[in-house]
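Visitor: Please bring up the model. I have a few questions about it.

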Amino acid sequence: MSGQTFDVVVIGAGPVGEVAAERAAKGGFKVALIEHELFGGECSYWACVPSKALLRPGNLLAAAKRIPGVPIGDALDPEKVLARRDWFVGRGDAEGQDHGQVGWARGVGVEPIRGHGRLSGEREVTLEDGRVLTARHAVIVCTGSVPRTPAIPGLDTIKPWGSREATSATAVPGRLAVLGGGVVGVEMAQAWATLGSQVHLIITGERPLPRLPEFAGELVLEGLRAAGVTVHTGSGIEKVSAVDGGATLQLTGGEELAVDELLVATGRAPATGDVGLDVLGLPTSGPLEVDESGRVSAVDGGWLYAAGDVTGRALLTHQGKYAARVAGDAVAARGRGEDVPTGPWSKYSATADHHAVPQVIFTDPEVASVGLTEAREGSADRVVDIDIAVAGSALHADGYTGKARMVVDTERGVVLGVTFVGPDVAELLHSATIAVVGEVPLDRLWHAVPSFPTISEVWLRLLEAYGL
């Protein structure tokens with residue numbers, strides 16, 4: 001078996017692995033980046049990027065309809081929408097769909113290696129062709145996550161869509177059922193409905209997005225129905241039967257649905273099953289538990305790290321990249337023999353995973369949230385809820401409907417979390433993230449004067465509702 005030695009070996013070349021590799025390389029180390037599919041990973045080709053490319057046209061059409069005098073049609077052009085999506089994911093590129101990402105890796109001093117890498121010993125990774133890569137300092141696992149598949153009788157008789165099929169489909173299905181009211185479920189239900197599909201969203205509760213405040217799920221539910229989605233609440237799929245060209249779904253309560261495609265969007269699990277963890281005596285299911293610097297706690301010698309979805313900490317691309325920056329920098333610093341302090345908010349500590357995780361759901365209306373969404377049990381926290389009803393929102397769209405929530409630590413006088421729901425609220429989120437991470441005192445935040453007339457004036461209304 002041939003072998004190569006690097007300072008750092010990174011398994012998984014999605015956005016998280018790319019960032020970890022780049023940070024280690026910037027630290028002066030020789031780095032290998034292994035990928036068995038496409039460099040750029042899930043987010044670039046099957047998740048974040050294509051899903052937003054599919055959602056944006058429908059959101060824009062809905063926004064235009066809220067303003068009198070804007071010349072618009074009644075429907076999207078699916079062919080052009082899908083073609084634009086394809087451009088973003090590099091389909092049709094004569095040099096290869098991921099050649100740009102491979103070139104980027106080489107440009108930042110990282111060696112891209114195609115193949116399926118598995119841990120095979122201490123600081124050792126073996127590829128399926130027998131090549132062995134040895135790391136002088138660290139191996140960083142960035143293999144992401146995979147869809148969870150529920151045990152539904154008959155599901156194995158069809159080929160259901162997962163998130164990959166939902167974002168990469170080349171034609172609009174006539175009838176689409178979506179199982180699951182989380183982020184993927186609501187985003188893809190709305191995207192395909194705006195492209196002309198007859199969409200049925202099947203959820204177990206009374207509203208989608210159950211982990212967010214009730215008003216978020218309620219407003220998104222209204223938006224889904226306005227887009228033409230039929231929402232089956234308090235429901236589920238009891239049985240799937242394959243039929244020519246599609247499937248028949250038996251729902252909870254006995255209702256039957258005939259569909260052409262079924263999207264199963266019931267969550268994701270860390271991709272730890274085929275990484276070689278058993279060689280190290282670690283479980284091959286569940287997350288890789290790491291400390292604040294990304295080092296895997298259960299491995300002696302401190303040479304194994306992980307970042308992103310595979311750790312189960314915060315399954316979002318931007319949080320994974322944040323953790324990758326931390327891990328890559330920590331590996332480089334330790335490799336140089338430097339001190340690596342991992343206290344809260346250190347450069348080598350992914351503290352935000354616990355206090356300030358931002359997320360945007362790109363439906364119409366959008367949902368943007370960071371930090372806490374409810375008061376802590378037994379605390380003196382205060383929750384402030386208001387409508388987004390300022391001059392900026394009224395000018396932005398006729399009939400603008402939105403809500404905002406601020407969670408405040410009354411003892412310290414700082415913001416613990418903010419949630420916005422409404423058209424185009426995503427760009428409000430970073431100001432909230434800064435307020436939470438920076439623990440900006442409310443009496444100082446009051447002096448951050450929002451420009452008039454913008455939707456950001458909602459900050460002033462939140463502070464006034466609090467009593468400032």
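**Pocket, patch and backbone**

Guide: The second largest pocket holds about 440 Å³ of space. This is a predicted model.

Visitor: Which helix gives the most to the lining of the second largest pocket?
Guide: The lining has 20 residues, with Ala62, Arg66, Gly223, Ala226 and Asp364 nearest the centre of the pocket. Helix 3 (48-65), helix 7 (183-194) and helix 8 (214-226) each supply at least two. The top contributor, with five residues, is helix 3.

Visitor: How many residues of that lining are charged?
Guide: The lining of the second largest pocket includes nine nonpolar residues and seven polar ones. The charged residues number four.

Visitor: Where is Pro365 found?
Guide: Asp364, one of the residues nearest the pocket centre, is joined to Pro365 by a cis peptide bond with omega near 5°. Pro365 sits in the loop between strand 17 (358-361) and strand 18 (366-371).

Visitor: What is omega for the peptide bond that joins Phe452 and Pro453?
Guide: Pro453 lies in the loop between helix 13 (442-445) and helix 14 (458-466). Its bond to Phe452 is cis, with omega about -5°.

Visitor: Is Val49 buried, partly exposed or exposed?
Guide: Val49 is in helix 3. With Trp87 and Phe88, Val49 makes a nonpolar surface patch of about 330 Å². Buried means under 20% relative accessible area and exposed over 50%. Val49 has 31% relative accessibility, so it counts as partly exposed.

Visitor: What is phi of Glu439?
Guide: Glu439 is in the loop between helix 12 (429-437) and helix 13. Its phi is positive, in a residue other than glycine, and near 45°.

Methods:
Residues are numbered from 1 along each chain as its sequence is written. This is a predicted model: local features need pLDDT of at least 70, side-chain atom pairs count only at pLDDT 80 or more; totals for chains, interfaces and linings use all residues. Side-chain values use heavy atoms; hydrogens and water are left out. On a 1 Å grid over the protein atoms alone, a cavity is a set of points where a 1.4 Å probe fits but cannot get out, and a pocket is an open set with protein on both sides within 12 Å along at least five of seven lines; lining residues have an atom within 4 Å of a point. Grid points are joined across faces, edges and corners, and a volume is the space filled by probe spheres set on the points. Helices (H or I, at least four residues) and strands (E, at least two) are DSSP runs, numbered from the N terminus. Ala, Val, Leu, Ile, Met, Phe, Trp, Tyr, Cys and Pro count as nonpolar, Asp, Glu, Lys and Arg as charged, and the others, Gly among them, as polar. Patches are made of residues with over 30% relative accessible area and no salt bridge: like charges are joined within 9 Å, nonpolar side chains (Val, Leu, Ile, Met, Phe, Trp, Tyr) within 5 Å. Accessible areas come from the Shrake-Rupley method with a 1.4 Å probe; for residues, only the protein chains shown count as cover. A salt bridge is a side-chain nitrogen of Lys or Arg within 4 Å of a carboxyl oxygen of Asp or Glu. Buried means under 20% relative accessible area, exposed over 50%, partly exposed in between (1.4 Å probe, protein chains only).
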